[in-house]
Amino acid sequence: RSATGIGTPYLSASLGAFRESVEALEGEWGDDIGLKISITRGEASFSDGTGPWHFSAEDGGLVLRGARLVGTPTAPVWEFPTGVVRRWARATPAGTGDKPWADTFLRYKEDR
């Protein structure tokens with residue numbers, strides 16, 4: 001296993017896709033059983049006190065804590081080998097805190 005967390009050799013395009021996926025997951029998440037997940041510099045910490053965890057690429061897919069990413073990095077769905085599925089959502093949804101967008105949206109709603 002290499003320092004990049006990749007278990008087998010991959011083409012540079014696959015390495016690029018791996019890195020892009022991990023970068024897209026950076027930030028704060030919550031899952032469907034109430035865990036909080038923090039992804040920082042490619043390392044995952046879970047509120048259950050385990051970790052830190054590192055991403056790996058296995059059979060062309062992104063894997064974390066034994067679960068394969070079957071969703072997208074913007075709407076992650078993780079499937080464990082047992083068939084258990086976990087869904088993640090951003091702790092702070094995209095657009096939150098964007099005052100100009102919120103003002104525009106409210107003006108739109110008023111004009112309807």
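A residue is called buried when its relative accessible area is under 20%, exposed when that area is over 50%, and partly exposed in between, with a 1.4 Å probe and protein chains only. At 43% relative accessibility, aspartate 32 therefore counts as partly exposed. The structure described here is a predicted model, in which local features need pLDDT of at least 70 and side-chain atom pairs count only at pLDDT 80 or more, while totals for chains, interfaces and linings use all residues. Residues are numbered from 1 along each chain as its sequence is written, and side-chain values use heavy atoms, with hydrogens and water left out.

The chain contains two helices and nine strands, these elements being DSSP runs numbered from the N terminus (helices, H or I, of at least four residues; strands, E, of at least two). Along the sequence, the elements follow the pattern α-β-β-β-β-β-β-β-β-β-α. Of the 112 residues of the chain, 25% count as buried. A contact is taken as heavy atoms within 4.5 Å, and among contacts between residues at least 6 apart in sequence, 37% join residues at least 24 apart.

Aromatic rings were examined next. A pair of aromatic rings is described by the distance of the centres and the angle of the planes. Rings of Phe, Tyr and Trp (its six-membered ring) pair if their centres lie within 6.5 Å, and planes under 30 degrees apart count as stacked, over 60 as edge-to-face and the rest as tilted. Across the whole structure, four aromatic pairs are found. One of them, formed by phenylalanine 46 and tryptophan 88, is edge-to-face, with 6.2 Å from centre to centre and 70 degrees between the planes. This pair links distant parts of the chain, as phenylalanine 46 belongs to strand E3 (residues 43-46) and tryptophan 88 to strand E9 (residues 85-90), 42 residues apart. Phenylalanine 46 and tryptophan 88 are both buried. Tryptophan 88 also pairs with tryptophan 78 in a tilted arrangement, at 5.1 Å centre to centre and 45 degrees between the planes; here tryptophan 78 lies in strand E8 (residues 77-79), 10 residues apart from tryptophan 88 in strand E9. Ring pairs link Trp29, Phe46, Phe55, Trp78 and Trp88 into a cluster.

Arginine 65 lies in the loop between strand E6 (61-64) and strand E7 (67-69) and aspartate 48 in the loop between E3 and strand E4 (53-54), so that the pair ties together parts that are 17 residues apart in sequence. Aspartate 48 is partly exposed at 38% relative accessibility, and arginine 65 is partly exposed at 23%.

In total, two salt bridges are counted, a salt bridge being a side-chain nitrogen of Lys or Arg within 4 Å of a carboxyl oxygen of Asp or Glu. In the one between aspartate 32 and arginine 86, the closest N and O atoms are 3.8 Å apart. Because aspartate 32 lies in the loop between strand E1 (27-31) and strand E2 (36-40) and arginine 86 in strand E9, this pair ties together parts that are 54 residues apart in sequence. Arginine 86 is partly exposed, with a relative accessible area of 23%.

Backbone geometry was considered last. Most residues other than glycine have a negative phi, and most peptide bonds are trans. Phi of arginine 65, however, is positive, near 55 degrees, and phi of aspartate 59 is likewise positive, near 50 degrees. Aspartate 59 is located in the loop between strand E5 (56-58) and E6 and is exposed, with a relative accessible area of 74%. The peptide bond from glycine 51 to proline 52 is cis, with omega near 10 degrees, and proline 52 is placed in the loop between E3 and E4.
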